[in-house]
Amino acid sequence: MTAVQQQWRRRFSDLVAGNHSPTGDPVDAGARLVVSDPDGTEVFRAALARHHRFEDDEDQVVWIRPLVGGQDTGDGYLFNLGLVRRRSLSWTQACVVNDGVEIDLATGQKARIEPVDGPELEQLTRWDDFTNRLSPDEDAALGRLDADSWHGRYA
């Protein structure tokens, strides 16, 4: 792995984990994904769950979990884990730019992983509260990012 790959992967990991919080508390920070078409038009934006997985260098894939949907209920905010699925970013090139990571995707689009704020930070906070309800086994299964569907509670 090259020094540039190590640098962007380290920054990516720190963003997703919230290791860039000005308060030192990772729950005050996190990451969001912003995807743009080649003409610069934004086509997708979402907070990212606090886990990811890089495939081998030859595959040039990183697995993430964008936080979409959810519903406020009388018992707190709930997510349907069948909908909040893992997603892959197949990349051709990536680098650290300012406070984020810019990734050229195999589709021709650009992805930016950046510090989260605003509505996406609120969504990440709701996700953190929701995942506190999960059993250790459920939480570990989500974190592995190795399954395309969810069976059981919250499906």
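This is a predicted model: local features need pLDDT of at least 70, side-chain atom pairs count only at pLDDT 80 or more; totals for chains, interfaces and linings use all residues.
Student: Which residues of helix α2 are buried?

Tutor: Helices (H or I, at least four residues) and strands (E, at least two) are DSSP runs, numbered from the N terminus. Buried means under 20% relative accessible area, exposed over 50%, and partly exposed in between (1.4 Å probe, protein chains only). An α-helix has 3.6 residues a turn, so residues three or four places apart point the same way. In α2, the buried residues are E120, Q123, L124, W127, D128, F130 and T131. They lie on the same side of α2, because they cover an arc of only 160° around the axis; the arc is that of the directions from the helix axis to the C-beta atoms.

Student: What do the buried residues of α2 pack against?

Tutor: Contact means heavy atoms within 4.5 Å. The buried residues of α2 pack against β1 (31-36), β2 (42-47), β6 (76-78) and α3 (136-144).

Student: Which residues have a positive phi without being glycine?

Tutor: Most residues other than glycine have a negative phi. N98, in the loop between β7 and β8, has a phi near 55°. L145, in the segment after α3, has a positive phi of about 50°.

Student: Is N98 buried or exposed, and is L145 buried or exposed?

Tutor: N98 is exposed, with a relative accessible area of 72%. L145 is buried, its relative accessible area being 1%.

Student: Where does G100 lie, and what does G100 touch?

Tutor: G100 belongs to strand β8 (residues 100-105) and is buried, with a relative accessible area of 0%. Not counting residues up to four places away in sequence, G100 touches R11, L15, C95, R112, I113 and E114. G100 and E138 are 38 residues apart in sequence and 30 Å apart in space, C-alpha to C-alpha.

Definitions and conventions
Residues are numbered from 1 along each chain as its sequence is written. Side-chain values use heavy atoms; hydrogens and water are left out.
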